[in-house]
Amino acid sequence: MIVVYGIKNCDSVKKARAWLDARQIAYRFHDYRIDGLDAALLQGFIDTLGVEAVLNQRSTSWRQLDDAQKSDLTPDKALQLMLAVPTLIKRPILEKGQQLIVGFNPDQYPTES
């Protein structure tokens, strides 16, 4: 089963879900705000993709952090920041089996469930 992780009002998540829906590809949507986000799931994303791929340092949420929060960034500090502010996570993250895809990129998306 494909799982799409994100936040329902995110434009990239909306595009990804619409793309999957248009192709009748079954998936489950996991909304960080409704379904939650635990450290183990997020650590799995980081272990597979790398913290640079998961942490969105171009987001509005990142720009709103104070300099102390953004400085001396370690993987653990980044994990804690993303757990506290899930909008810091790049979206969507699509999971199919062991494969993770960050962002909406139709060229990388599965063509079937």
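Student: How many of the residues of strand 2 are buried?
Tutor: This is a predicted model. Strand 2 covers residues 27-31. The strand is mostly covered, and the number of its five residues that are buried is four.

Student: In which sense does strand 1 pair with strand 2, and over how many bridges?
Tutor: Strand 1 runs over residues 2-6. The pairing with strand 2 is parallel, over five bridges.

Student: What is the handedness of the β-α-β unit that strand 1, helix 1 and strand 2 make?
Tutor: Strand 1 and strand 2 pair in the parallel sense. Helix 1, residues 11-22, belongs to the unit together with these two strands. The unit is right-handed.

Student: Which residue of strand 3 is the bridge partner of Val3?
Tutor: Strand 3 comprises residues 93-96. Strand 1 pairs with strand 3 in the antiparallel sense, over four bridges. Within strand 3, the bridge partner of Val3 is Glu95.

Student: What is the relative accessible area of Val3, and is the residue buried or exposed?
Tutor: Val3 is found in strand 1. Setting aside residues up to four places away in sequence, Val3 touches Arg28, His30, Ile93, Leu94 and Glu95. The cut-off for buried is under 20%. Val3 is therefore buried, with a relative accessible area of 6%.

Student: How far apart in space are Val3 and Phe29, C-alpha to C-alpha?
Tutor: Along the sequence, Val3 and Phe29 are 26 residues apart. Their C-alpha to C-alpha distance in space is 5.8 Å.

Student: Within what arc do the buried residues of helix 1 fall, seen down its axis?
Tutor: Val13, Ala16, Trp19 and Leu20 are buried in helix 1. Seen down the axis, the buried residues line one face of the helix, because they fall within an arc of 130 degrees.

Student: Which residues are exposed on the other side of helix 1?
Tutor: The buried residues of helix 1 are covered by elements including strand 1, strand 2 and strand 3. On the other side, the exposed residues are Asp11, Lys15 and Ala22.

Student: Within what arc do the buried residues of helix 3 fall, seen down its axis?
Tutor: Helix 3, residues 39-49, has Leu42, Phe45 and Ile46 as its buried residues. Seen down the axis, these residues line one face of the helix, because they fall within an arc of 95 degrees.

Student: Which residues are exposed on the other side of helix 3?
Tutor: Cover for the buried residues of helix 3 includes strand 1, helix 7 and strand 4. On the other side of helix 3, the exposed residues are Ala40, Asp47 and Thr48.

Student: Which residue has a side-chain oxygen that reaches the backbone nitrogen of Ala40?
Tutor: The contact is at the start of helix 3. The oxygen comes to within 3.3 Å of the backbone nitrogen of Ala40. The residue that supplies the oxygen is Asp38.

Student: Which residue takes a positive phi just after helix 3?
Tutor: Just after helix 1, Gln24 takes a positive phi of about 55 degrees. Just after helix 3, the value is about 95 degrees, and the residue is Gly50.

Student: What is the relative accessible area of Ile7?
Tutor: Ile7 sits in the loop between strand 1 and helix 1. Beyond its neighbours within four places in sequence, Ile7 has contacts including Val13, Phe29, Tyr32 and Arg91. Ile7 is buried, and its relative accessible area is 3%.

Student: Which residue has a backbone oxygen 3.1 Å from a polar atom of the side chain of Ser59?
Tutor: Ser59 is in the loop between helix 4 and helix 5. At 10% relative accessibility, Ser59 counts as buried. The backbone oxygen at 3.1 Å from its side chain belongs to Asn56.

Note on methods:
Residues numbered from 1 in each chain as written. Predicted model: local features only at pLDDT ≥ 70, side-chain atom pairs only at ≥ 80, totals over all residues. Heavy atoms only, no water. Buried < 20%, exposed > 50% of the residue type's maximum accessible area, 1.4 Å probe, protein only. Polar contact = N/O pair within 3.5 Å; in protein donor to acceptor, adjacent residues only side chain to side chain. Pairing = 2+ DSSP bridges. Right-handed = clockwise from strand over helix to strand, strands pointing away. Arc of directions from axis to C-beta. Contact = heavy atoms within 4.5 Å.
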